[in-house]
Amino acid sequence: MAALATGGATPSDGATSFQRKVPASSRLAAIAGTRPSVRHGQLLLSSGLPSLDCVLGGGLAVGTLLLIEEDKYGIYSNLLFKYFLAEGIVCGHNLFVASAKEDPADILKELPAPLFDDAHKNQVDEKETAIKSKQESQESMKIAWRYQNLPKVEVSPAASARFGHYYDVSKTVSPELLQSIKWHRFFLPEEMSLHPEIKTCNMTYGYTRLLQSIQRIIYQEGFDGSYPQKKQKNILRIGIQSLGSVLWGDDVCCADNPEDIHSLTKFLYVLRGLLRMSLSACIITVPAHLIQNKAIMERVTNLSDTVVGLESFIGSERETNPLYKDYQGLIHVHQIPRLNSLICDVSGTKDLAFRLKRKLFTIERLHLPPDLSDTVSRSSKQDLAESTKLLSSGCGAMAIGKKHLDF
Amino acid sequence: MFVELNELLNASPERPEQGKLTLLRDTKTDGSFLVHHFLSFYLKAGCKVCFVALLQSFSHYNIIAQKLGVSLTAAKEQGQLVFLEGLKSCFDVLFGEEQHVGQPNPLQFISEDGSNLKTMYEFVRTSLMASGSDSWKCPVLLVDDLSVLLSLGVRPVAVLDFIHYCRVAVCSQLKGNIVVLVHSNDDSEDEENELVVNSLCHQSNLILWAEGLATGFCKDVHGQLKIIQKGSSELKAERNLLRIYQYKIQDKNVTFFARGMSAAVL
């Protein structure tokens, strides 16, 4: 118990043999794609990226909100958004996709394909060749002869029972897989044309409609427990793209003194209320770099549960910096919620960077190599000092000035 | 409640103080452990508590309170705890039908323009008013947290008015206590929030300020707590008493120690 309670990742290959004996969670653990947390007994969902799950302390808790602060061109935040939705497809959850700029059907068509199909096929082929080779080489084990009669390890056929999957970004998800799940859509231009005038409740029209739409789906599909006779519970994964951007009708991103600075925060508050009362989880991407009024981002951070900021190197001078040549950007985990507990599973590493290869988006500890060049130049030392200043941001605190790091 | 914090504050559940405004403040870290401490402290002391919980759900507070030795459901049933859960009813307040029958909803301000918090004040006053059959000790108002009100569209002046009215009703008339949590930041750009926080700092008798360490994240020391006790008499111009401790949060307890004396170092 102590070893697992120190947080961090448990291996994501199959259910762990240790199951906490809590009646509530053992009842709820029957929902596909979830597992109970060791720390606080909440159900955890995978965010679609096993390495992000590790950073977030095992996964995203059901009923919470994951806020992604977009990088400058929105490339990687869009990718995280898609991973979240793709994970929902693989686990059989229901999806709710809301966007103001892209049609949700197009978003779903471009989701990355899960990798287990190929891996499973390869493993099945391997198994066949292994059986053939085993029959041929019966007396091959001379040293490990005790293991000769043991059966070969079975390849787990139900790979989708795993927690956290890998996706191939270069391929899109197959239409059959898409049709197998139930999903709901919210496309703002469509809603505007359908219901032009409705009571706004002091909030931007787009947000009002979105809240009503989400609440209607939660109520109708029974995610808030309003149909107790439905035995098969499922999770609703909500994805909202680029909230706060101009396309939603909100001017927080383009004006220093926006007309209505409370729309976005009110929306987040009410949304969190809806999430807490239902079996759902939500991912929101916010173009934080466009919001001039930093007070709003502070309030937004306080109102969200998990906040992750992405900073990509595209276009900045770090792109050509040899220190960062293996990575595409940095990840800042600004906030992790403390749910049902005084403490949370904060990982000790605060310096995280991500890299994207075709099949793998990994988040790794940023490892500044030692400066081994003969002539240590001024500019690289400056850059190191700058990056250490930026990187040591734990408890949310930044090293104030250089006085604590000067030695 | 955390035994060590009680010793530091020289407080005990047997004889809770009366008529005090305590400000809980956090900077760059999460100060909600202080809210849990005061909630379980006053419930164990036998006070009637009105808890305005705007940030988290009831089950969250309940589970943590059970670890600290009180049951919120039992307290609610006995009438010792009046719990206002913001997250549960905010959607209905915004989109529900207009209700003219009975008491107005305390969260009415969400759908209004945020110029006053009258309905919430009325709710607090009626729930803490001593009724004949009660045998509880002094009433306590606990708010988690005040900065959320600003995000919901309430003007800072309205928040300060609300605290003022509550102080008159709860602290002077009913001889009770008020504990509020606010977030703040040294380099924050949220001027409204800083206005509220500064004003409350001047009004409060006791300030507990939880800060993240200036040098960054540490596994063994989660932050530092500044305890500022205002001089008891303003006429004599007594100085404020300032003490700084560092703390580490564990599953069921928080340990406090002098700076540099963390168990990991010794």
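The model is a predicted one.

The interface comes first. Chain A gives 42 residues to the contact, and chain B gives 50 residues. Together the two chains bury about 3,900 Å². Carbon and sulfur atoms give 62% of that area. Charged groups also meet here. Three salt bridges are found across the interface of chain A and chain B. One salt bridge is formed by the side chains of A:Arg338 and B:Asp30, with 3.5 Å from N to O. This pair falls under the rule because its N-to-O distance is within the 4 Å cut-off for a salt bridge. Polar contacts between chain A and chain B come to twelve residue pairs, with both residues at pLDDT 80 or more.

H10(A) provides the largest share, eight residues. By residue class, the chain A side holds 18 nonpolar, 15 polar and nine charged residues.

The sheets are described next. Strands of a sheet pair through backbone hydrogen bonds, in a parallel or an antiparallel way. Chain A has an open sheet of three strands, in the order S1-S2-S3, with antiparallel pairing. Strand S1 (34-36) and strand S3 (60-61) of chain A are its edge strands, and each pairs on one side only. Strand S2 (residues 43-45) of chain A is joined to S3(A) by two bridges, and these strands run antiparallel. A:Leu44 has A:Ala61 in S3(A) as its bridge partner.

Chain B has an open sheet of nine strands. Their order is S3-S2-S4-S5-S1-S6-S7-S8-S9, and the pairing is mixed. From one strand to the next, the twist averages 20°. Strand S2 (residues 47-53) of chain B runs parallel to S3(B), and five bridges join them. B:Val52 has its bridge partner, B:Leu84, in S3(B).

Helices also pack on this sheet. Helix H5 (residues 86-95) of chain B touches S2 and S3 of chain B. The direction of H5 makes about 50° with that of S3(B). Helix H9 (residues 191-203) of chain B lies across strand S1 (21-27), strand S5 (177-183) and strand S6 (206-211) of chain B. This helix runs at about 140° to S1(B).

Key: Residues numbered from 1 in each chain as written. Chains lettered and ligands numbered in written order. Predicted model: local features only at pLDDT ≥ 70, side-chain atom pairs only at ≥ 80, totals over all residues. Heavy atoms only, no water. Contact = heavy atoms within 4.5 Å. Buried area = accessible area lost by both parts, 1.4 Å probe. Polar contact = N/O pair within 3.5 Å; in protein donor to acceptor, adjacent residues only side chain to side chain. Helix = DSSP H or I, 4+ residues; strand = E, 2+ residues; numbered from the N terminus. Nonpolar A, V, L, I, M, F, W, Y, C, P; charged D, E, K, R; others polar. Pairing = 2+ DSSP bridges. Axes fitted to C-alpha atoms, helices over the stretch in contact; angles between N-to-C directions.
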